[in-house]
Amino acid sequence: MADQPTRRTPQAREAQVLRTERITPHMVRLVLGGAGLEDFDAAEFTDHYVKVLFTPEGVSYPEPFDMARIREEFPPEQRPITRTYTVRAWDPALRELTIDFVVHGDEGLAGPWAARAQPGETVRFLGPGGGYAPDPSADWHLLVGDESALPAIAAALERMPADAVVHAFVEVADAAEEQKIVSPAGAEISWLHRGARPVGEALVEAVGALEFPAGAASAFVHGEAGFVKELRRLLRVERGIPRERMSVSGYWRSGQSDEAWRAAKREWNAQVEAEQEQAEQESTG
């Protein structure tokens, strides 16, 4: 029997908060810097993400901070809690990393922390990861998401060619949550105000009503898992966009904690994929 590969513990990076900004009533921007970002790079994808590490209350770790040692010496409930956030911007010249956090009062872990963060505070994180960037071969682009996907959508819009044809649909709570985004002249950005409606309902309606431009599409659909599943079916089965031209993921799921969703996400994705394949077979059979 062959030896099993050893799983390496990822090394955490450290950065310091340089400045903060409340860009909308429910979105806080943190700009990070410091020596820990000297070899950091997040230039390849527009959905690069990092996993911010939070220390459970009442727990302290030996210095220097070492994830491998922590996993060996601390029980699971005392290990760092992770929350995943998109890299909103990376400035390689200044070595500055920008992350936007959704804040809903004292709800959750990362949002309240970001709202209280002060310059000089140390932030530890893992990453970056990522996998999507606008496809230069696409005839047009479809970008869809809620607040959790807004940083990635904004980053994608900023990287689009000047002549790109783009339809972007972003669902936010209300008009106060809209942001100014640099985008190509041919980009149409639709801000959908959720109000009291379920998350994603307006997005499903808007994409369903869209008259698709001619040519090959490239689609980026991220956010709450329920509407992502609906749009995945619509785009794959009804609109015939090939799987390889789609970046689709449920960042979170309504009614579930982050930990519960991460534990169930792999199985949920497999189930959704199986349902999609069956629906495609039925539609062509």
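Student: Which residue in S4 is the bridge partner of Phe54?
Tutor: The partner of Phe54 in S4 is Ile81. This model is a predicted one, where local features need pLDDT of at least 70 and side-chain atom pairs count only at pLDDT 80 or more, while totals for chains, interfaces and linings use all residues. Residues are numbered from 1 along each chain as its sequence is written, and side-chain values use heavy atoms, with hydrogens and water left out.

Student: How many bridges pair S3 with S4, and in which sense?
Tutor: Strand S3, residues 49-54, pairs with strand S4, residues 81-91, in the antiparallel sense over 6 bridges. Two strands count as paired if DSSP finds at least two bridges between them, and the elements are DSSP runs numbered from the N terminus, with helices (H or I) of at least four residues and strands (E) of at least two.

Student: And what joins S4 to S5?
Tutor: S4 and strand S5, residues 96-102, run antiparallel and are joined by 4 bridges; Trp90, for instance, has Leu97 as its bridge partner in S5. The two strands form a hairpin with 4 residues between them, and Arg95 in that turn has a positive phi of about 55°.

Student: Switching to Thr98: where is it, and is it buried or exposed?
Tutor: Thr98 sits in strand S5. Thr98 counts as buried because its relative accessible area is 12%, where buried means under 20%, exposed means over 50% and partly exposed lies in between, using a 1.4 Å probe and protein chains only.

Student: Which residues is Thr98 in contact with?
Tutor: Leaving aside neighbours within four places in sequence, Thr98 is in contact (heavy atoms within 4.5 Å) with Arg29, Leu30, Val31, Thr86, Val87, Arg88 and Ala89.

Student: What about the largest nonpolar core, which residues touch the most other members?
Tutor: Of its 24 residues, those are Leu30, Leu32, Phe40, Leu97, Phe101 and Trp113. A nonpolar core is a set of buried Ala, Val, Leu, Ile, Met, Phe, Trp, Tyr and Cys residues joined through side-chain atoms within 4.5 Å.

Student: Which elements give two or more residues to this core?
Tutor: They are strands S1 (13-24) and S2 (27-33), then S3, S4, S5, H2 and strand S6 (122-129). Apart from this core lies another one, of 21 residues, among them Trp140, Leu192, Val204 and Leu210.

Student: Back to Trp113, what is it in contact with?
Tutor: With neighbours within four places in sequence left aside, Trp113 is in contact with Leu30, Phe54, Phe101, Glu121 and Val123.
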